[in-house]
Amino acid sequence: MPRVVDQRTRSRIDKDPLQGLLDFTDLDKTIETSGDRVTDALKHIRATFVQWLKDTVGIDLTGVDEFAAWLDTHLGLPSLDQLLAALRGEYEGENLILLAIEALFAPVRRVLQVFTGRPGGLDAAPAEVDSFWDDMQKTLKGESTAGSWFEDVSIAAASGVEQLAENIAGGVAAGAGAIANAGQKIADLLGLADSAQKIAMAAQQQIQDLQNETSNPDFNGFAWSTIFSGADGDPLSSSDWAGSPEIVIRGDSGFAGVAEGSADGYYHKVSQYEYETDTQSASIVLGTRTSDDQWTSVEVRCDPGKTQGVFARANRSTIQIGRFTRSGTAWTWTPWYSRSRTNNQGDILRLRTSGDNYYVLVNGTAVIDWTDSPASASKGAGFRRAGFTQRKDTNFLGLPIASWRIASFAMADWLPPGGAVTTPAWRLRRGSATEVALSVAHGATALMPTGFYTIADLASAVTVDVSAGEVTIIESGWYSIKATSSNRDNSQDVAGDDAYDVRNAYRLTPWQLYVDGSPLEGPFPSGVPTEIYLAAGQKVRVGASATVPVFPSNSYGATGSSNFAMPARSQITHVGGASPVFTGRKVA
């Protein structure tokens, strides 16, 4: 074999690691020896570099060789296929480096997947990317897609568009994060719109009710209404209202409420307008609130300074009627009656009065009827204003809270049913379905108990004492009179056997007519009228007659093998009914 001849004369400084080894007489040995010599030379160079780096810049790489050897021994170098599998998220081995790479690239794979439609985002052709973008645009528009990209990754679902659309449709705040927040904003907006619509409809209904009342041909009086509006903080019109300047327009809704920064307490407005009669009606439409416990009221029979009057008021859970007095900022509220009711935005709270009778209605339905028997509320020419009152307070966190704001207000003289009748007449009734104790022995009679009747209306040309249930005749003549009620006997049988217990046996009450304190006619079946001549000044009352047995006298029962006649029982221990009444009118 020809030898390779080095034409240049070598010097001592060449440091050739192959010097003296190029005769190649033993090729294999020469390769092995030269390889070892090269490796040793490289190690020497590396060691020299590591020492120089340590001496120059202070970086000590001693031990790198050992660490590299450990990695190679314990982990091994991955192949290209394994590396690609890790990048795709498809690696199934146990190599720690590849597992770390797979986890590190998970977000990247997700981004690539979204933008290419390919799992892992690899190997996507340009046409496939174009198809994906086309499908994505169609999905965002709600159109049908041609490809199948969104079976795996839906832009609508991933971005929350679908959830937000459902939120908007349902008025809810599902989802999470920004989507839930956006959904809540949508829900709040829809709720505000719904409440605003209800309040607007209620205000229109309030005006319509007022028009219906004043369109009666027998109506002769005053009527006025207003829907509050304006910028936040605007005062109410001084030509319409007197009273607390702290009641202003609040918020974007335009409702009347207590101004921001006001001290805790009651604030009121009284109308500058007056009723023409003592038969009065006033109503408000409830707006927003920041407290469930504070009261907002509508009032009638107020004096111009609003130092007294009659109120109907509402918080979140209760309706109440009563009388109030005021001295400066000191208020005294004297409730007559309360009723539980869940009150809401848009409810129309109305208070009506005729004589000493008062009626509270919510959305046109009567919820409280009450007669001020002692006539404690003043009436007459000096008490023909209407108004409303609101309450501001502070909660335990030190934050301000307030009662219902008011969307609108209306007042009018009121023509009660039968109000145009001038014939002497009356109607006394019980405003509660509860029963009252009254002991009437078998076959006996007794006057209806004091306080049994609670409401007196339709009274004309007679004098009524509702508590006593007594009517004084003013015009002599023939009168048609009737009464209705029910009764029961809740006493135990003497034997104490439940088989004879008649406590749940209710009966219609035969009624007895009393004139000047004594029974005059009767008994009559419940609701059946009688006609009688009455002179001016005579006093008329009704009573109950215990003449209807629980069991007929020929009824039979059985205990064991013995038959016996069951005794009749007609005694009364309680009277009541769904709507007991005592009515009368002059017929001649």
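Residues are classed by relative accessible area as buried (under 20%), exposed (over 50%) or partly exposed (in between), computed with a 1.4 Å probe on protein chains only. By this scale Ser439 counts as exposed, at 67% relative accessibility. The model is predicted: local features need pLDDT of at least 70, side-chain atom pairs count only at pLDDT 80 or more, and totals for chains, interfaces and linings use all residues. Residues are numbered from 1 along each chain as its sequence is written, and side-chain values use heavy atoms, with hydrogens and water left out.

Ser439 lies in strand S18. Strands here are DSSP runs of E with at least two residues, helices are runs of H or I with at least four residues, and both are numbered from the N terminus. Contact is taken as heavy atoms within 4.5 Å. With neighbours within four places in sequence left aside, Ser439 is in contact with Ala446, Ile572 and Thr573. Asp489 is 50 residues from Ser439 along the chain, and the C-alpha atoms of the two are separated by 9.0 Å. Ile284, in strand S6 (residues 280-286), is buried, with a relative accessible area of 0%. Between Ile284 and Ile227 there are 57 residues in sequence and 9.7 Å in space, C-alpha to C-alpha.

The nonpolar cores were examined next. A nonpolar core is a set of buried Ala, Val, Leu, Ile, Met, Phe, Trp, Tyr and Cys residues joined through side-chain atoms within 4.5 Å. The largest has 36 residues, of which Phe228, Val360, Phe388 and Phe409 touch the most other members. A second, separate core of 30 residues includes Trp426, Tyr453, Val462 and Ala483. Beyond four places in sequence, the contacts of Phe228 are Leu236, Trp241, Ile249, Gly254, Ala256, Phe388, Ile406, Ala407, Ser408 and Phe409.

Two cavities of 30 Å³ or more are present in the structure. A cavity is a set of points, on a 1 Å grid over the protein atoms alone, where a 1.4 Å probe fits but cannot get out; lining residues have an atom within 4 Å of a point. Grid points are joined across faces, edges and corners, and the volume is the space filled by probe spheres set on the points. The largest cavity holds about 60 Å³ of space. Its lining consists of Met448, Tyr453, Ala483, Thr484, Ser485, Thr509, Pro510, Trp511, Val542, Gly543 and Ala544. At least two of the lining residues come from each of strand S23 (477-488) and strand S28 (539-545). Seven residues of this lining are nonpolar, four are polar and none is charged. In this classification Ala, Val, Leu, Ile, Met, Phe, Trp, Tyr, Cys and Pro count as nonpolar, Asp, Glu, Lys and Arg as charged, and the others, Gly among them, as polar.

There are 13 salt bridges in the structure, each defined by a side-chain nitrogen of Lys or Arg within 4 Å of a carboxyl oxygen of Asp or Glu. One of them joins the side chains of Arg488 and Glu435 (2.7 Å, N to O). This pair links distant parts of the chain, 53 residues apart, with Arg488 in strand S23 and Glu435 in the loop between strand S17 (425-429) and strand S18 (436-440). Arg488 is buried at 13% relative accessibility, whereas Glu435 is partly exposed at 31%. In the salt bridge between Asp393 and Arg391 the N to O distance is 3.7 Å. Asp393 is buried, with a relative accessible area of 18%, and Arg391 is buried at 18%.

Backbone geometry was also examined. Most residues other than glycine have a negative phi, and most peptide bonds are trans. The peptide bond between Gly522 and Pro523 is cis, with omega about 5°, and Pro523 lies in strand S26 (residues 518-524). Asn363, which is not a glycine, has a positive phi of about 55°. Asn363 is in the loop between strand S12 (357-362) and strand S13 (365-371) and is partly exposed at 40% relative accessibility. Ala461, also not a glycine, has a positive phi of about 60°. The loop between strand S20 (455-460) and strand S21 (462-465) contains Ala461, which is partly exposed with a relative accessible area of 27%.

Methods:
1 Å grid on protein atoms, 1.4 Å probe; cavity = no way out; pocket = protein on both sides within 12 Å on 5 of 7 lines; lining within 4 Å.
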